[in-house]
Amino acid sequence: ALTPSQLLRQAAAGRSYQLTGPVVPGSVHREGTVLDFSVEDRAGGSSAVALAYTGTVPDPFHEGREVIVGVEKQGGRFVGEPNSLITKCPSKYKTAPPSENQNS
């Protein structure tokens, strides 16, 4: 799966990709059957991918939650593949403490 910054650099129109990262707070909006939201890099920063998704939305889905979703670039925008949205367990993605053995 690609992070938003990787996807933005590599995406070609008409190809499918797996996008992963946390849902951007304040980006979730539903209009009819379409759920619009953005996914950002885990480390934050300015890279975020806005997408329009249709299909099943897992109960644990919410702003700030890690997700994986299939996306396709269509023109200048990204469209989520129907029923491809899954949420990740947050306990698996906590930042590990820095090692005391690292050389500077």
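A residue is called buried here when its relative accessible area is under 20%. The model shown is predicted.

**View 1. Overall fold of the protein.** The chain forms one helix and seven strands, in the order α-β-β-β-β-β-β-β along the sequence. Of the 104 residues, 36% are buried. The accessible surface amounts to about 6,400 Å², and carbon and sulfur atoms supply 48% of that area. Among contacts with a separation of 6 or more, 52% join residues 24 or more positions apart.

**View 2. The largest nonpolar core.** This core has 18 residues, and the members that touch the most others are Leu7, Leu19, Phe37, Leu51 and Val71. Two or more core residues come from each of the strands β1 (16-22), β3 (34-40), β4 (48-54) and β5 (66-74).

**View 3. Surroundings of Phe37.** Phe37 has a relative accessibility of 1% and is therefore classed as buried. Leaving aside residues up to four places away in sequence, Phe37 touches Val23, Ser27, Val28, Val49, Ala50, Leu51, Tyr53, Phe61, Val67 and Leu85.

**View 4. The aromatic pair of Phe37 and Phe61.** The structure contains one aromatic pair. Phe37 and Phe61 make up this pair, with ring centres 5.1 Å apart and 65° between the planes. The arrangement counts as edge-to-face because the angle between the planes is 65°, and the cut-off for that class is over 60 degrees. Phe37 lies in strand β3 and Phe61 in the loop between β4 and β5, so the pair links parts of the chain 24 residues apart. Phe61, at 13% relative accessibility, also falls in the buried class.

**View 5. Salt bridges at Glu66.** Two salt bridges are present in the structure. In one, Glu66 pairs with Arg42, and the closest N and O atoms are 2.9 Å apart. Here strand β5, which holds Glu66, is linked to the loop between β3 and β4, which holds Arg42; the two residues are 24 residues apart. In the other, Lys88 pairs with Glu66, with 3.7 Å between the closest N and O atoms. Lys88 sits in the segment after β7 (86-87), 22 residues from Glu66 in strand β5.

View 6. Glu66 has a relative accessible area of 9%, so Glu66 is buried. Lys88 is buried as well, at 10% relative accessibility.

Methods. Residues numbered from 1 in each chain as written. Predicted model: local features only at pLDDT ≥ 70, side-chain atom pairs only at ≥ 80, totals over all residues. Heavy atoms only, no water. Helix = DSSP H or I, 4+ residues; strand = E, 2+ residues; numbered from the N terminus. Buried < 20%, exposed > 50% of the residue type's maximum accessible area, 1.4 Å probe, protein only. Contact = heavy atoms within 4.5 Å. Areas by Shrake-Rupley, 256 points an atom, 1.4 Å probe, with all protein chains shown as cover. Core = buried A, V, L, I, M, F, W, Y, C linked by side-chain atoms within 4.5 Å. Phe/Tyr/Trp six-rings, centres within 6.5 Å; stacked < 30°, edge-to-face > 60°. Salt bridge = Lys/Arg side-chain N within 4 Å of Asp/Glu carboxyl O.
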